[in-house]
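Subject: Structure handover

Hello,

Here is the structure we talked about. Please open it alongside this note. My findings follow below.

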Amino acid sequence: MRRDFIYHLYNVEFDKFLDLLSKCSEDKRMEVPEDFNTSLYWHLGHVLRVTEFLVFDLAAQPTTLPQKYHELFFYGTKVTEWNAEQLEQLPDWDTMIAQIKEQREHLYNTFKDRLDESVPENFKKAENYGELILTAAAHLSNHNGVVAAMLQVLKEK
């Protein structure tokens, strides 16, 4: 498995994600557009948490994000279902932007020479670290499409 290819693909999707999020004005980050079930803020937290899950959790590696990220941003969570306590403890946008950038560096530094190493059996059927990173890139790509569509709807308002 070619390291350059894997990280190129991941970085293309990652950079696109950050570029899209940078186009959202601060006052629209928490807005849930019509026909969507969550906000751009949620997408940032979700990509951050799910990347940690797909690459680090599934590989049985140590994770770094606070537990509240799981409760706020994991699969099946919705902005509309956050309770008052969760709303008071939301991480700051800029903090999450810094964390996702740090996560990319940590992902690269941790796995750059280990892409072909086997990982525990997992529901994604990935056999090694490289395949887990490609899974994270595919997840990012999906969210890039949703975020781009949300930005179009938010822009029309």
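Helices here are DSSP runs of H or I with at least four residues, and strands are runs of E with at least two, numbered from the N terminus. This is a predicted model, in which local features need pLDDT of at least 70, side-chain atom pairs count only at pLDDT 80 or more, and totals for chains, interfaces and linings use all residues. Residues are numbered from 1 along each chain as its sequence is written, and side-chain values use heavy atoms, with hydrogens and water left out.

Two loop residues

D35 sits in the loop between α1 and α2. Its phi is near 75°, a positive value in a residue other than glycine. D35 is exposed, with a relative accessible area of 75%. (Exposed means over 50% relative accessible area, buried means under 20%, and partly exposed lies in between, with a 1.4 Å probe and protein chains only.)

A60 is in the loop between α2 and α3. The phi of A60 is near 60°, again positive in a residue other than glycine. A60 counts as exposed, at 58% relative accessibility.

Helix α1

Helix α1 covers residues 3-22. Its 20 residues should span 28 Å at 1.5 Å a residue, and its end C-alpha atoms are 28 Å apart, which agrees. (The expected span is 1.5 Å times one less than the number of residues.) Its buried residues are I6, Y7, Y10, E13, F14, F17, L18, L20 and L21. Seen down the axis of α1, they fall within an arc of 165°, so they line one face of the helix. (The arc is that of the directions from the helix axis to the C-beta atoms.) On the other side of α1, D4, H8 and S22 are exposed. The general rule behind such faces: an α-helix has 3.6 residues a turn, so residues three or four places apart point the same way.

Helix α5

Helix α5 has 19 residues. From first C-alpha to last it reaches 27 Å, close to the 27 Å expected at 1.5 Å a residue. Buried in α5 are W93, M96, I97, Q99, I100, Q103, R104, L107, T110 and F111. They cover an arc of only 165° around the axis, which puts them on the same side of α5. D94 and E102, on the other side of α5, are exposed.

How α1 meets α5

How do α1 and α5 pack, and at what angle? The angle is about 175°, with the axes 12 Å apart. (Axes are lines fitted to C-alpha atoms, for helices over the stretch in contact, and angles run from 0 to 180 degrees between N-to-C directions.) The two helices, α1 and α5, are therefore roughly antiparallel. (Angles over 145 degrees count as roughly antiparallel, under 35 as roughly parallel, 65 to 115 as roughly perpendicular and the rest as oblique.) From α1, the contact uses R3, Y7, Y10, N11, F14, D15, F17, L18 and L21. From α5, it uses W93, I97, I100, K101, R104, L107, Y108 and F111. (Contact means heavy atoms within 4.5 Å.)

D15 of α1 is partly exposed, with a relative accessible area of 40%. D15 and K101 are 86 residues apart in sequence, but 9.8 Å apart in space, C-alpha to C-alpha.

The core

The largest nonpolar core has 48 residues. (A nonpolar core is a set of buried Ala, Val, Leu, Ile, Met, Phe, Trp, Tyr and Cys residues joined through side-chain atoms within 4.5 Å.) F111 and I133 touch the most other members. Helices α1, α2, α3 (67-73), α5 (93-111) and α6 each supply at least two residues of this core. The most comes from α2, with eleven residues. Beyond its neighbours within four places in sequence, I133 is in contact with I6, Y7, Y10, V55, L107, F111 and L115.

H43 is in helix α2 (residues 40-57). H43 counts as buried, at 3% relative accessibility. Not counting residues up to four places away in sequence, H43 touches F17, T38, H143, V146, V147 and M150.

N144 is in helix α6 (residues 129-156). N144 also counts as buried, at 6% relative accessibility. Leaving aside neighbours within four places in sequence, N144 is in contact with E13, K16, F17 and L20.

Best wishes
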